[in-house]
Amino acid sequence: LITCFLYAGKFGWNALIGLHMMTQMSNRYETMGPICTRRMNLPPPYNGNNNTSPYYPRGESADYAFALLFGMVGILLSQFLLFPYLPYSLTQGQHYIFFHRHLTFYVVYIWSKHYPLHRVNLFGVAMAAAYLPYAYLLMGYALNNGQVLPIDMLHGMFIGHVYYYLACVVPEVLRGRLVVIATPEILVGFFHWIEVRGVGGGGIDVGGGGVGGDEDNQMLVNVDDVIGG
């Protein structure tokens with residue numbers, strides 16, 4: 001259940017590019033601040049700014065780990081419950097038993113939705129991050145001579161959209177009255193324990209863990225490029 005997401009293919013150029021892309025996007029998404037799904041156990045409004053979000057202002061490593069778990073479970077379930085019922089004209093007989101690229105584009109999609117205005121550079125072409133997944137999709141379609149859609153990319157992006165909708169859209173529309181997904185407390189505690197041990201007891205403040213945390217804090221990270229940056 002886990003190793004099927006770790007295998008990027010036989011050793012070669014494509015496998016190296018896939019591994020590089022996954023590690024690079026994971027590092028940037030986690031460092032810049034992932035979507036936060038750690039729930040505040042307070043009635044709305046949740047802070048002095050009348051913020052009705054049920055989550056803390058800034059995500060941290062536990063939220064990213066939960067997003068990965070959500071993505072892996074969603075990809076596996078939809079692969080066996082939804083994929084067999086898709087028309088052949090769409091799938092063209094494509095079948096997958098390894099899902100590394102699915103998970104990669106799941107991460108790419110949720111990062112692009114969380115930072116849509118961030119500027120990226122894809123092989124010399126500058127664009128907003130919001131267009132990055134579709135640029136990759138277009139490239140994959142072109143590499144297939146315009147005959148076969150890259151279903152693995154679409155699959156990962158679809159699950160990414162489900163995650164983004166449940167984590168961001170639903171709480172905003174319902175003004176915090178309903179929380180569909182939330183990072184488990186045991187996962188939050190586990191990562192806090194790791195972070196405290198990793199810095200000798202000082203902790204790492206990456207989550208804005210308190211109510212009313214500063215949402216405007218930004219990491220000083222060079223994220224101008226997506227591949228090779």
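# Chatting through the salt bridges and helices

Q: Hi! How many salt bridges does the structure hold?
A: The structure holds three salt bridges. The term stands for a side-chain nitrogen of Lys or Arg within 4 Å of a carboxyl oxygen of Asp or Glu. This is a predicted model, where local features need pLDDT of at least 70 and side-chain atom pairs count only at pLDDT 80 or more, while totals for chains, interfaces and linings use all residues. Residues are numbered from 1 along each chain as its sequence is written, and side-chain values use heavy atoms, with hydrogens and water left out.

Q: Why would such side chains pair up at all?
A: Side chains of opposite charge can pair when their charged atoms come close.

Q: Okay, which residue does glutamate 60 meet in a salt bridge?
A: Glutamate 60 meets arginine 38, at 3.8 Å from N to O. Both glutamate 60 and arginine 38 lie in the loop between helix 1 and helix 2 (61-81), so the pair ties together parts that are 22 residues apart in sequence. Helices here are DSSP runs of H or I with at least four residues, strands are runs of E with at least two, and both are numbered from the N terminus.

Q: And what about aspartate 63?
A: Aspartate 63 also forms a salt bridge with arginine 38, at 2.9 Å from N to O. That pair links distant parts of the chain, with aspartate 63 in helix 2 and arginine 38 in the loop between helix 1 and helix 2, 25 residues apart.

Q: Is arginine 38 buried or exposed?
A: Arginine 38 is buried, with a relative accessible area of 5%. Buried means under 20% relative accessible area, exposed means over 50%, and partly exposed is in between (1.4 Å probe, protein chains only). Glutamate 60 is buried at 4%, and aspartate 63 is buried at 0%.

Q: What does aspartate 152 pair with?
A: Aspartate 152 forms a salt bridge with arginine 101, and their closest N and O atoms are 2.6 Å apart. Aspartate 152 lies in helix 6 (residues 151-173) and arginine 101 in helix 4 (residues 100-114), so the pair ties together parts that are 51 residues apart in sequence. Aspartate 152 is buried, at 5% relative accessibility, whereas arginine 101 is partly exposed at 38%.

Q: New topic: what do the buried residues of helix 1 pack against?
A: They pack against helix 2, helix 4 and helix 5 (132-143). Among those buried residues are Ala15, Gly18, Met21, Met22, Arg28 and Tyr29.

Q: How far apart are the end C-alpha atoms of helix 1?
A: The end C-alpha atoms of helix 1 are 28 Å apart, which agrees with the 28 Å that its 20 residues should span at 1.5 Å a residue. The expected span is 1.5 Å times one less than the number of residues. After helix 1 comes glycine 33, with a positive phi near 110°.

Q: Which residues make the nonpolar surface patch?
A: Phe11, Trp13, Leu16 and Ile17 make that patch, which is about 510 Å². Patches are made of residues with over 30% relative accessible area and no salt bridge, joining like charges within 9 Å and nonpolar side chains (Val, Leu, Ile, Met, Phe, Trp, Tyr) within 5 Å. Accessible areas come from the Shrake-Rupley method with a 1.4 Å probe, and for residues, only the protein chains shown count as cover. Leucine 16 lies in helix 1 (residues 13-32) and is partly exposed at 40%.

Q: What is phi of phenylalanine 123 near?
A: Phi of phenylalanine 123 is near 55°, a positive value in a residue other than glycine. Phenylalanine 123 is in the loop between strand 1 (119-122) and strand 2 (125-128), and is exposed at 57% relative accessible area.

Q: Last one: how many helices and strands are there?
A: The protein chain has seven helices and two strands, in the order α-α-α-α-β-β-α-α-α from the N terminus.

Methods: Contact = heavy atoms within 4.5 Å.
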